[in-house]
Amino acid sequence: MKKIIPLLLPIITASVLYSTASHAAALDYQLDAAHTSIVVSWDHFGFSHPTADIPGATGKINFDPQHPATSSVNVSIPVSNIDTHVPALTKEFQGSEYFDTTKYSTATFTSTKVIPRGEHKYDVQGNLTLKGITKPVTLHATLNKIGEHAMVKKQAVGFDATGTLKRSDFGIDKYVPAVGDTIALSISTEAYAK
């Protein structure tokens, strides 16, 4: 019996660890607005690709690293905060010919499907509602890290994501096609377990 116990210890330990991980695998994470960056860019008459930031996004990620296809994302994006770093252009973007932020101050993204692509990469399909119009959008996400955050002492998860959309699909078509219709999205976020 004494000889059997040392042989069983690794198996018992592994079973306990697996059981604990299985019960704690799926967590709800709250986006940290201070560490969430949303940047949009577009073609400007073929000469350049200006960018604008949309700070202050909030929302929830439910992520299960063992069963990522069951994960989900719900994000609220305050487009009224858009900043082109050119005051006149920012004001124009907030106006009725663009985002019309007086009427539509917030956009939302709600995932409908998460498709694992291997190597910590996922396609996150969902519905983007912008300016009162809802269209499907796919984000190509990469898991940066999951684990306890060294500063906040909570379980945390971090992702980068990219995607594209056509602004004309959302009724924002001024200067198309001279100014690009395709908008590139670049997102980076940290989220902490509740």
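Which residues have the most contacts inside the largest nonpolar core? I started there, and found I61, F63, F99, L139 and F159 in a core of 41 residues. Strand 10 gives the most to this core, with 5 residues. For my own notes, a nonpolar core is a set of buried Ala, Val, Leu, Ile, Met, Phe, Trp, Tyr and Cys residues joined through side-chain atoms within 4.5 Å. Buried means under 20% relative accessible area, with a 1.4 Å probe and protein chains only.

A reminder on the source: this is a predicted model, where local features need pLDDT of at least 70 and side-chain atom pairs count only at pLDDT 80 or more, while totals for chains, interfaces and linings use all residues. Residues are numbered from 1 along each chain as its sequence is written, and side-chain values use heavy atoms, leaving out hydrogens and water.

Next I looked up L139. Leaving aside residues up to four places away in sequence, L139 touches F109, Y122, D123, V124, A161, T162, G163, L185 and I187 (contact: heavy atoms within 4.5 Å).

Then I followed the strands (DSSP E runs of at least two residues, numbered from the N terminus; two strands pair if DSSP finds at least two bridges between them). Strand 8 (residues 133-148) runs antiparallel to strand 9 (residues 155-166) over 8 bridges, and A141 has A161 as its bridge partner. In their hairpin, with 6 residues between the strands, I noted K153 at a positive phi near 60 degrees.

How values were computed: Buried means under 20% relative accessible area, exposed over 50%, partly exposed in between (1.4 Å probe, protein chains only). Helices (H or I, at least four residues) and strands (E, at least two) are DSSP runs, numbered from the N terminus.
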